[in-house]
Amino acid sequence: MTGDISPVVDRDRMLRAIDVASRARHRASPNPWVGVTLVQTDGTVAWGATQPHGGNHAEIEALTSAENTVGASVYTTLEPCNHRGRTGPCTEALIEAQVARVVVGIEDPDPQVAGTGIARLRDAGIDVEVGVAAEEVTRQLRPYLHQRSTGRPWVVLKLAATIDGRVAAPDGSSQWITGEAARADTHRLRAESDAILVGAGTVRTDDPSLTVRDWPPPELGIDPAGVRDPRRVVLGGVPDGANVHPCLEFEGELPDLLDQLGSEQVIQLMVEGGPRVAHAFHHQRLVDEY
């Protein structure tokens with residue numbers, strides 16, 4: 001009986017769904033990176049995570065992996081969608097699969113969902129509980145939740161500095177002031193971001209390619225074919241032949257840029273420019289994460 005499941009068990013199963021969702025972080029955008037744990041009536045477990053844009057949502061992946069969905073309990077980090085986009089509504093798939101219970105981490109603020117998925121499942125007689133491990137799910141999905149709520153991307157500012165406040169050697173000879181571990185982390189952040197931004201001065205000085213060439217490391221077991229390079233955005237003009245091409249060359253106010261990128265489904269923007277660019281974002285209070 002679904003009512004016999006303890007809150008401790010519910011939380012443990014949701015935490016496992018959160019872990020599964022983490023594997024889709026670099027590939028799901030502009031969809032949210034969702035994880036699902038599906039527990040069949042005999043105790044066997046199936047999992048699902050969001051596939052690249054246009055592919056299956058996490059609920060469909062879990063339903064497809066399960067041998068028998070009738071009477072199953074489904075734990076999904078985010079409210080199932082209730083509209084038809086590139087794929088059909090997950091609510092209808094869950095209803096057709098005859099699951100008995102759906103446990104939802106948090107509601108989806110997307111205007112196309114916004115509680116309608118939960119309502120549809122309840123109207124179909126499915127037992128729905130909301131709010132299990134909500135704090136952890138909210139933390140994992142905060143860039144997505146921010147973009148859907150504000151219309152602007154989540155802005156991550158990455159800036160390396162020496163102990164005396166320098167960002168480069170005074171003679172301009174330093175390509176990096178960080179070590180291998182920090183550079184690997186930078187490439188992970190790039191892989192998680194939809195767009196990366198620098199100033200035209202950085203392009204002229206360093207001629208960066210701004211790619212995700214050093215991620216993922218082999219030990220993670222992630223297929224590099226599923227990792228995409230972020231869009232490149234440059235504040236100012238870019239010389240012909242620069243490695244950053246193709247890119248968006250932007251002249252204007254930063255809030256207008258964020259509005260534009262948000263409307264183009266950029267969920268996370270990584271700001272990797274020099275001190276002037278970093279100061280501009282910080283001074284205008286546009287940084288969500290440092």
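The questions and answers below walk through a predicted model of a single chain.

Q: What share of the contacts with a separation of 6 or more comes from residues 24 or more positions apart?
A: Among the contacts in the chain with a separation of 6 or more, those between residues 24 or more positions apart can be set apart as a group. This group accounts for 69%.

Q: In what order do the strands of the mixed sheet stand, and which of them are at its edges?
A: Five strands with mixed pairing form this open sheet, in the order E2-E1-E3-E4-E5. The twist averages 15° from one strand to the next. Each of the two end strands has a single partner strand, so one side of each is left without a neighbour in the sheet, and these edge strands are E2 (45-49) and E5 (127-130).

Q: Which residue of E5 is the bridge partner of Val-103?
A: Strand E4, which covers residues 101-106, pairs with E5 in the parallel sense over four bridges. In E5, the bridge partner of Val-103 is Glu-129.

Q: Which helix lies across E1, E2 and E3?
A: Strand E1 covers 35-39 and strand E3 covers 73-78, and a helix of residues 58-65 lies across both of them and E2. This helix runs at about 150° to E2, and its name is H2.

Q: Why does Thr-50 count as buried, and what is its relative accessible area?
A: Thr-50 has its place in the loop between E2 and H2, and its contacts beyond four places in sequence include Ala-24, Arg-27, Trp-33 and His-57. A residue is buried when its relative accessible area is under 20%. Thr-50 therefore counts as buried, with a relative accessible area of 3%.

Q: Which backbone atoms lie 3.1 Å and 3.0 Å from a polar atom of the side chain of Thr-50?
A: Pro-32 and Val-34 are both among the residues in contact with Thr-50. At 3.1 Å from a polar atom of the Thr-50 side chain lies the backbone oxygen of Pro-32, and at 3.0 Å from a polar atom of that side chain lies the backbone nitrogen of Val-34.

Q: In what order do the strands of the parallel sheet stand, and which of them are at its edges?
A: This open sheet is formed by five strands with parallel pairing, in the order E6-E10-E7-E8-E9. Neighbouring strands are turned by 25° against each other on average, direction ignored. The edge strands, each of which pairs on one side only, are E6 (154-157) and E9 (248-250).

Q: Which residue of E10 is the bridge partner of Val-156?
A: E6 and E10, the latter covering residues 268-271, pair in the parallel sense over four bridges. In E10, the bridge partner of Val-156 is Met-270.

Q: With which residue does the side chain of Gln-268 make a polar contact of 2.9 Å?
A: Gln-268 lies in strand E10 and counts as buried, with 3% relative accessibility. The polar contact of 2.9 Å joins its side chain to that of Arg-25.

Q: Which residues touch the most other members of the largest nonpolar core?
A: In soluble globular proteins, nonpolar side chains tend to be buried together. The largest nonpolar core in this chain has 40 residues. Apart from it lies another core, of 18 residues, among them Val-155 and Val-233. In the largest core, the residues that touch the most other members are Leu-38, Val-99, Val-102 and Leu-141.

Q: How far apart are the C-alpha atoms of Pro-208 and Val-244?
A: Pro-208 lies in the loop between helix H8 (200-206) and E8, and is buried, with a relative accessible area of 15%. Val-244 is one of the residues that Pro-208 touches. Although the two residues are 36 apart along the chain, their C-alpha atoms are separated by 6.2 Å.

Technical notes. Residues are numbered from 1 along each chain as its sequence is written. This is a predicted model: local features need pLDDT of at least 70, side-chain atom pairs count only at pLDDT 80 or more; totals for chains, interfaces and linings use all residues. Side-chain values use heavy atoms; hydrogens and water are left out. Two strands pair if DSSP finds at least two bridges between them. Axes are lines fitted to C-alpha atoms, for helices over the stretch in contact, and angles run from 0 to 180 degrees between N-to-C directions. Contact means heavy atoms within 4.5 Å. A nonpolar core is a set of buried Ala, Val, Leu, Ile, Met, Phe, Trp, Tyr and Cys residues joined through side-chain atoms within 4.5 Å. Buried means under 20% relative accessible area, exposed over 50%, partly exposed in between (1.4 Å probe, protein chains only). A polar contact is a pair of N or O atoms within 3.5 Å; within protein, one must be able to donate a hydrogen and the other to accept it, and residues adjacent in sequence count only if both atoms are side-chain atoms.
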